[in-house]
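Reader: Hey, could you walk me through this one? I'm new to reading structures.

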Amino acid sequence: LVMHYKGPPIDTSNMTFTVPGGSDTGGLPGLGGAPPGLGGGAPPGLGGGTPPGLGGGTPPVPAPVPAPALPPGRTVELPGRGTTFMRECSGPADSAALPIVLLHGWTATADLNWFACYEALGAHQRVIALDHRGHGHGIRARKPFTLEDCADDAVALCDELGIGEFIAVGYSMGGPVALTTWRRHRDRVTGLVLCATAPYFSASR
C-alpha cells in the first residue's frame, strides 16, 4: 500500500487502514505482530530448557579402569654391567616349557609392551621381562648403547637367574635385539618370536 499526500500534516493517531484479507488494527497482513514462526518464544527446537541430550545435571563419570595385574618386579645387579629392572612370572611348577624372555621396543618399557601378556604366558611357562638399558628402570650408562649391549644384558640377566636356554620374544626394537641375542649366543636361544619389527634399522642411533 503506497500513499502520496502533499497537503497539510494529518494526524494519523486515530486512523485505521483496512486491507482485504488483513486486519483493521493497523499494519499489513502477517505484520501485526511477530513474523510467522517467530513468536515471542524461542525458535522451534531451541526452547528455554537445556538442549536435548544435554541434561541439566552433572555428566556421568566414567567407571574407573582397573590397573593391570603385574607380576612381581625387582632390580638385579648384572656384574660389570649395571643394575636393571625385571618382572617374572614363575609359571607352573611342573612345566617343562623353556622360559620366555620378553624384549620390549624402543622408548617403551617391559610393562608398556607386555602388561597384557604376562598372565596368559605365565600360565604355561616361566616369563622374564626386563627394561633395556636407557629405558624405564633399566641400566643407566653415560655412553650410547648398542643392540649388542641389550642382547648381552638379556643373557647376563639369565645367567643371574640360573636360566640356560630360553625363547627370545622381541617387539619392535626388541626384534633385532632378539636376533642379535641369537647370533651372539646361539647355544642359549632355542626359539625366536619377532613381533612388529624389522631385520635392521636405517640409522645407527
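Reader: Let's start with a loop. Where is Thr107 found?
Author: Thr107 is in the loop between S3 and H1. Helices (H or I, at least four residues) and strands (E, at least two) are DSSP runs, numbered from the N terminus. Before we go on: this is a predicted model, where local features need pLDDT of at least 70, side-chain atom pairs count only at pLDDT 80 or more, and totals for chains, interfaces and linings use all residues. Residues are numbered from 1 along each chain as its sequence is written, and side-chain values use heavy atoms, with hydrogens and water left out.

Reader: Ok! Is Thr107 buried or exposed?
Author: Thr107 counts as exposed, because its relative accessibility is 59%. The cut-offs are under 20% relative accessible area for buried, over 50% for exposed, and partly exposed in between (1.4 Å probe, protein chains only). Its phi is near 65°, a positive value in a residue other than glycine.

Reader: What about Ala196, what's its phi near?
Author: Phi of Ala196 is near 45°, again a positive value in a residue other than glycine. Ala196 sits in the segment after S6 and is exposed, with a relative accessible area of 59%.

Reader: And which residues is Ala196 in contact with, leaving aside its neighbours within four places in sequence?
Author: Those are Tyr171 and Ser172, where contact means heavy atoms within 4.5 Å. The C-alpha atoms of Ala196 and Ser172 are separated by 5.3 Å, though the two are 24 residues apart along the chain.

Reader: New topic: rings. How many aromatic pairs are there?
Author: The count is 1 aromatic pair. Under the rule, rings of Phe, Tyr and Trp (its six-membered ring) pair if their centres lie within 6.5 Å; planes under 30 degrees apart count as stacked, over 60 as edge-to-face and the rest as tilted. Trp114 and Tyr171 have ring centres 6.3 Å apart and planes at 80°, so this pair is edge-to-face.

Reader: Why does that pair tie together parts that are 57 residues apart in sequence?
Author: Because Trp114 lies in helix H1 (residues 110–114) and Tyr171 in strand S5 (residues 166–171). Trp114 counts as buried at 5% relative accessibility, while Tyr171, at 35%, counts as partly exposed.

Reader: Which ring does the charged end of Arg186 sit over?
Author: The ring of Trp182, with the charged end 4.0 Å from the ring's centre. A charge sits over a ring if NZ of Lys or CZ of Arg is within 6 Å of the ring centre and within 35 degrees of the ring normal.

Reader: Now helices. At what angle do H3 and H4 pack?
Author: H3 (residues 147–161) and H4 (residues 174–184) pack at about 70°, with their axes 8 Å apart. That makes H3 roughly perpendicular to H4. Axes are lines fitted to C-alpha atoms, for helices over the stretch in contact, and angles run from 0 to 180 degrees between N-to-C directions. Angles under 35 degrees count as roughly parallel, over 145 as roughly antiparallel, 65 to 115 as roughly perpendicular and the rest as oblique.

Reader: How many of H4's residues are buried?
Author: H4 is mostly covered, with 8 of its 11 residues buried. Among them are Gly174, Pro176 and Leu179. The buried residues of H4 pack against strand S3 (100–103), H3, S5 and strand S6 (189–195).

Reader: And the whole chain, how many helices and strands?
Author: The protein chain has 4 helices and 6 strands. Of its 205 residues, 31% count as buried.
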